[in-house]
Amino acid sequence: MDDPARARPLSEPGPADRAGPDRLTIPDRLDATLVLVRHGESELIVQRRFQGRLETPLSPLGRRQAERVAARLAAPHDAPALPVPEGAPIAIVHSPLSRAAETASAIARRAPSAVPTRPDERFAEIAQGEWEGRLASEIAESDGERLAIWRQRPTEAWAPGGERLVDVRGRVVGGLADVLGELAHAGSPGTVMAPQVGGYHDAPATHPWSILVGHDGVFKVVLLALFDLPLERFWMWSSDLCGISVVELRAGRPVVRAMNLTEHLAGLLDEAALEETEERSRSGAL
């Protein structure tokens, strides 16, 4: 049997592939911070099904995760401090899919002051076509070769009826350009002559910042766009449920300040264990 990793791509390149990548233009000398927050656990995640654009609410655990990340972002400078500026974010932008919208709403409710919150279709999750709602094991059985290529060379294959990564990048870059433009309008140009090395007990920055609430797949593309990396590097990033990542723009240069922080969720494991113990006590189970 042929090695799936060397198989001929199951989806032929289209005109957009040949036209070259869409590159993000970061506003000149932008000083700003962008915080990425993945949504909480959804009911389809509990069932271990591909989600894509399917609507699915947060699970009970997902709602608790959303409350935990909201509390963390409401007091970001409590120890251990998050590397975000002083003051409230200027905006909370989120995918319109309900699992992200619910998470964004929790963050907005806990914010110390009113923060404009808006959905943006360009940050919706990657459409997975015929794979949506199906178990990975089912897809592996019926469309295993394509799934293998997607997981190894994601620019060469995608779900039937789903989105190509090149098209995802096009919409994500447009959304990012608007978010960064809004941040540039709210602040003042910076300089690379400012201190660039941490650990000197500097006070939190004072430039504007925004929160983007979305999905693992889209955040992979967001980070590739910010750091001008090719789509072939798609699998290099990962975002846990309600994980926090922070990218600071220093005079227009992106810098990773934090990646996939989840410490604020640690207590949920203790809560789950306590609930299980209480349930066993009520039922008389040993």
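Predicted model: local features only at pLDDT ≥ 70, side-chain atom pairs only at ≥ 80, totals over all residues.
V37 stands opposite V213 in β4.

Strand β4 covers residues 209-214, and the two strands run parallel, joined by six bridges. On its other pairing, β1 meets strand β5, residues 244-250, in the antiparallel sense, again over six bridges. There, L34 stands opposite V247 in β5.

Next, β5. Strand β6, residues 253-261, runs antiparallel to β5, and six bridges join them. E248 stands opposite V255 in β6. The two strands form a hairpin with two residues between them, and A251 in the turn has a positive phi of about 50 degrees.

Now the whole sheet. In general, strands of a sheet pair through backbone hydrogen bonds, either parallel or antiparallel. Here the pairing is mixed, in an open sheet of six strands with the order β3-β2-β4-β1-β5-β6. Which strands stand at the edges? They are β3, residues 117-119, and β6; each has a single partner strand, so one side of each is left without a neighbour in the sheet. Neighbouring strands are turned by 20 degrees against each other on average, direction ignored.

Two helices come next. Helix α6 packs on the sheet and touches β1, β2, β3, β4 and β5; its direction makes about 135 degrees with that of β1. Helix α7 lies across β1, β4, β5 and β6, and runs at about 155 degrees to β1.

How do α6 and α7 meet? The axes of α6, residues 165-186, and α7, residues 216-226, come within 9 Å and cross at roughly 65 degrees. That makes α6 roughly perpendicular to α7. The crossing is right-handed. On the α6 side the contact is made by L165, V168, R169, R171, V172, V173, L176 and L180, and on the α7 side by V218, V221, V222, A225 and L226. Sorted by class, this contact has eleven nonpolar residues, two charged ones and no polar ones. As background, an α-helix has 3.6 residues a turn, so residues three or four places apart point the same way.

Is α7 enclosed or open? Eleven of its eleven residues are buried, so the helix is largely enclosed by the rest of the structure. The buried residues include D216 and K220 as well as F219, L223 and L224. What covers them includes β1, α6, β4, β5 and β6. Just after the helix, D228 takes a positive phi of about 55 degrees.

S95 lies in the loop between β2, residues 91-94, and α4, residues 98-110. At 0% relative accessibility, S95 counts as buried. How far apart are S95 and H215? In sequence they are 120 residues apart; in space they are 7.9 Å apart, C-alpha to C-alpha. Neighbours within four places in sequence aside, S95 is in contact with A100, A101, D120, F123, A124, E125, V213, G214 and H215. V213 in that list is the residue of β4 that stands opposite V37, the pair I opened with.

Q65 has its place in helix α3, residues 60-74. Q65 is also buried, with a relative accessible area of 8%. Which residues does Q65 contact? Leaving aside its neighbours within four places in sequence, they are G40, E41, L241, C242, L265 and L268.

Methods: Residues numbered from 1 in each chain as written. Heavy atoms only, no water. Axes fitted to C-alpha atoms, helices over the stretch in contact; angles between N-to-C directions. Helix = DSSP H or I, 4+ residues; strand = E, 2+ residues; numbered from the N terminus. Parallel < 35°, antiparallel > 145°, perpendicular 65-115°, else oblique. Left-handed = near helix turned anticlockwise from the far one by under 90°. Contact = heavy atoms within 4.5 Å. Nonpolar A, V, L, I, M, F, W, Y, C, P; charged D, E, K, R; others polar. Pairing = 2+ DSSP bridges. Buried < 20%, exposed > 50% of the residue type's maximum accessible area, 1.4 Å probe, protein only.
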